[in-house]
Amino acid sequence: MTTPRVHAPARTAPAVPPYRLVLVGGGPRATYLLERLSATVDRLGEGRRLQVRVFERTGEFGAGQAHSPTQSRTSYLNRIGCQVSFAADDTVTGAGPLRPEAQRPTLHEWCRRRFEETGEADFDLAPEDWPKRYVHGLALRDMFDTFAADLTRHPGVELHLHRAEVVDVEPHEDGLCVVTGDGERHPADEVVLLTGHSYHDPRRAPAGRRLAGLADRGGARYVPHPYPMDVELGPDRTGPGTVAGCAGTGLTAIDAVLHLTEGRGGTFHDAPGHGLVYRPSGDEPAGIVAFSGSGLFTFARPDNHKPSSSAGDHPGTFLTDEAIRRLRAHAGRPNPGGADRLWRNESSGGAAFEPGGLDLTADFHPIRSDGGIDRRVTVLGVPSEGARSFLLSALRPNANHYVMRDTLIWLDRFWHTMDRADRGRRPRQGQRTTWPA
Ligand SMILES: Cc1cc2nc3c(=O)[nH]c(=O)nc-3n(C[C@H](O)[C@H](O)[C@H](O)COP(=O)(O)OP(=O)(O)OC[C@H]3O[C@@H](n4cnc5c(N)ncnc54)[C@H](O)[C@@H]3O)c2cc1C
């Protein structure tokens, strides 16, 4: 069943065919996009219709998988509560109409309100405290629902939420067709991919094959992706007597170590002169062996003093725009479409896939290997590694944050497309294309 929730306008909508917008992925990026779309929905005017479908394979609309409210209670955000937000603010260039301040809380403010309502300790946070990730997920879900309701206040808008995985986007008549894993097909005029972090079969790449082969030979179980932790790192796999190896010592390793210790009932105590001392519960694995190339745990990010200038991002000392330009000139391979190809998947044979990952235009449309561009598809997030490298994080307030600026690049083009379509002209399209979603 892929349509559990439908938000439809209470009033009767005009009988013109709707513009069909599909969002693939219903996590934080989808929440921020809905925020801006709903804030500007009056541009739809009278007599026009918009149909929005959101596909989220986990059913966690708003939170997505990484911030799911159902995840391990021992996983924390790597950002303090006052540095996380959900809506555009007055630092965001070209944001358009803003919500009243009370309707765009930071995560910390949202937690304070929730604490007053519930008295639950996980919401009782100071501005500089790190919230648990499930708390962020609860807030994202709440804000998603608020923005969804706000969007459908317009009589011409309908919103469908599908708990389903999109497995393909195909050409279809004049537009596109979104295909789900359970075989449903939904025609679309436009698709936005907000699929975030994804994972793949590790045996397709040499490094993953080596680890998986080693585990097979040693009789160990290889877990390429540890989420959700209560399933992937459950007591049946990592119970007492087992040893858990942790390949990598970044944020996911911290999630895993806390899950296997505090999550099993152990506790950390202050021992004067000895720092923190761990008191096991007896349900932990016999040992956790964490290893990485650097041998270091990731650095903490307690208080962010990056400048909040209109540029928003931290100006690099060594990795400057000029250094990147020189790197591109010497190491990048020019693409016939004009964008630099910076990132490639490796095939199982070790050679580079053609056309590689997703190369994107500056406004986030995929560039095919023959240089063709299809402006009906936009990619906001990780697959844009061809254009930007690993720029994925929660929205930050008062920083003209790139997550919102990227969303606005899409939104601006979206409303122009709607206006053009309304004047009887077809939206500009590149060649038709098919690719696995
Ligand atoms: C484990 C983990 C912890 C993180 N912790 C932090 C943190 O503490 N602070 C921070 O700022 N950032 C953190 N991040 C970075 C994180 O990527 C961003 O915070 C944020 O989640 C990005 O939002 P997104 O919507 O782009 O992607 P995601 O949150 O990954 O959401 C994408 C959604 O798309 C869905 N999806 C993917 N493919 C399909 C498909 N084909 N069909 C249907 N649905 C699909 C997925 O199920 C997922 O829910 C973390 C990431 C991970 C993976």
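A polar contact, as I use it here, is a pair of N or O atoms within 3.5 Å; within protein, one must be able to donate a hydrogen and the other to accept it, and residues adjacent in sequence count only if both atoms are side-chain atoms.

**Entry 1: ground rules.** I'm working on a predicted model, where local features need pLDDT of at least 70, side-chain atom pairs count only at pLDDT 80 or more, and totals for chains, interfaces and linings use all residues. Residues are numbered from 1 along each chain as its sequence is written, and side-chain values use heavy atoms, with hydrogens and water left out.

**Entry 2: the ligand.** A polar backbone atom of Gln65 sits 2.8 Å from an oxygen atom of the ligand. Arg57 puts a backbone N or O atom 3.2 Å from a ligand nitrogen, and Arg79 has a side-chain N or O atom 3.4 Å from a ligand oxygen. Then I checked cover: the ligand exposes 970 Å² taken alone, and the protein buries 93% of that (Shrake-Rupley method, 1.4 Å probe; for residues, only the protein chains shown count as cover).

**Entry 3: the shell.** I find 28 residues around the ligand (a heavy atom within 4 Å of it). Arg29, Glu56, Gln65, Asn78 and Val166 come nearest. By type, the shell splits into 11 nonpolar, 11 polar and six charged residues.

**Entry 4: salt bridges.** Searching the whole structure gave me 22 salt bridges (a side-chain nitrogen of Lys or Arg within 4 Å of a carboxyl oxygen of Asp or Glu). Helices (H or I, at least four residues) and strands (E, at least two) are DSSP runs, numbered from the N terminus.

My cut-offs: buried is under 20%, exposed over 50%, partly exposed in between (1.4 Å probe, protein chains only).

**Entry 5: more pairs.** Arg237 and Glu232 form a salt bridge at 2.9 Å, N to O. Arg237 is partly exposed at 27%, and Glu232 is partly exposed at 21%. Arg326 and Glu322 pair at 3.6 Å, N to O. Both lie in helix H8 (residues 321–331), four residues apart, about one turn of the helix. I also noted one network of salt bridges with shared partners, joining Glu35, Arg36, Asp42, Arg99, Asp150 and Arg153.

Definitions and conventions:
Ala, Val, Leu, Ile, Met, Phe, Trp, Tyr, Cys and Pro count as nonpolar, Asp, Glu, Lys and Arg as charged, and the others, Gly among them, as polar.
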